[in-house]
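Here is a protein model to walk through. Start with the overall fold, then turn to confidence and to one part of the surface.

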Amino acid sequence: MDKLLKSPWFIRIISLILAVLLWVSVNLENNNQPDSQSLWFNDNSSETQVMNNIPLDVEFDSDQYVVSGLPQDVSVTVQGPKSVIAPVVRQKNFTVYVDLNGLKPGTHNVPVQHTGISNRITTTIEPKTVDVTIEKKISKEFQVGVDYINGSQISNDFDLGEAEMSPEKVTVTGAESVMDKVEVVKAIVNITNTEDSVEKMEAPVKVYDGQGNELNVLVDPPSVDVNVPVSKPKKKVPIELKPEGGAPEGVVVNSMTPQIEEVTIYGPHDVIDSINEITDIPIDISKINKDQTVEVTIPKPEGVTSINPEKVKVDIDVENSEENQS
């Protein structure tokens with residue numbers, strides 16, 4: 001064995017084998033190289049593979065221009081030795097793109113190109129060319145309004161106060177022709193099942209044209225914080241008292257004066273809008289024989305959810321007929 005290891009030819013042969021193995025290992029890591037089987041066998045078989053939905057990239061000056069008209073993906077057909085095509089189809093480690101660098105604003109017909117596919121493969125891309133429109137990029141600042149989702153559902157039971165947004169303005173960026181159509185910039189606030197005030201709700205900002213169509217533009221920031229005060233509908237109405245029970249014999253009730261003339265009623269709009277006063281609030285005067293102050297409970301009209309205050313003090317002024325006669 002020692003004699004064999006000292007043989008120059010033996011060392012040369014071992015070195016050659018190691019070199020071949022290293023070459024195979026390096027080439028297997030190369031995506032564009034054929035399968036390992038092809039390294040050892042002469043694969044002359046040819047086949048065709050179609051790859052659909054391959055993303056289409058675009059190269060252009062995105063700081064100055066906006067591009068439209070491009071398809072999102074294309075189909076790529078490859079033809080060649082099976083051992084070469086297989087890794088391409090399996091790994092899809094290539095790029096399909098259009099190069100718009102150097103083109104001016106306007107509509108252009110440009111070729112769809114590819115990179116990263118071995119030149120041993122015949123490659124066909126569908127479509128071969130695409131029509132693309134290049135426009136100048138415009139940025140403008142707009143005041144943000146608010147648009148409520150399902151706002152009509154709570155409009156009868158709650159009142160929405162004036163919304164506050166932070167920030168109040170956003171920057172909208174888009175193609176020159178699209179920016180000319182901008183009419184409305186609104187934060188979308190979902191108030192479904194809302195009973196309390198909205199505080200710091202993150203609302204996405206949408207941009208619309210005059211017909212209410214959402215425009216394809218960039219918004220910075222894309223959302224704003226929104227505060228919306230929400231309160232129950234209320235209404236102030238006067239009250240009217242009604243004596244009941246009759247005054248004791250010899251006592252005349254000169255006046256009944258409530259210490260407040262109005263109370264606040266709460267409830268749905270369709271209920272409180274039809275109430276203009278609360279009348280016939282009963283006061284039992286059957287035991288009133290001198291000037292005094294009594295407290296009465298305000299009856300709650302049907303549909304009203306609450307009243308503030310619920311009780312009212314009433315000053316009663318009486319005249320005793322027996323005292324006058326004496």
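Helices (H or I, at least four residues) and strands (E, at least two) are DSSP runs, numbered from the N terminus. By that rule, Leu18 lies in helix α2, residues 8-28. The model is predicted, so local features need pLDDT of at least 70 and side-chain atom pairs count only at pLDDT 80 or more, while totals for chains, interfaces and linings use all residues. Residues are numbered from 1 along each chain as its sequence is written, and side-chain values use heavy atoms, with hydrogens and water left out.

The protein has eight helices and 24 strands. Contact means heavy atoms within 4.5 Å. Among contacts between residues at least 6 apart in sequence, 70% join residues at least 24 apart.

Now confidence. pLDDT is the predictor's confidence in each residue, from 0 to 100. The protein averages 87, and 88% of the residues score at least 70. Among the elements, strand β4 (residues 95-99) has the highest mean, 97. Helix α3 (residues 36-40) has the lowest, 48. Over residues 29-41, pLDDT stays under 50. The model has 24 contacts beyond four places in sequence for that stretch.

Next, burial. Buried means under 20% relative accessible area, exposed over 50%, and partly exposed in between (1.4 Å probe, protein chains only). Of the 326 residues, 31% count as buried. Where does Leu18 fall, buried or exposed? Leu18 counts as exposed because its relative accessible area is 53%.
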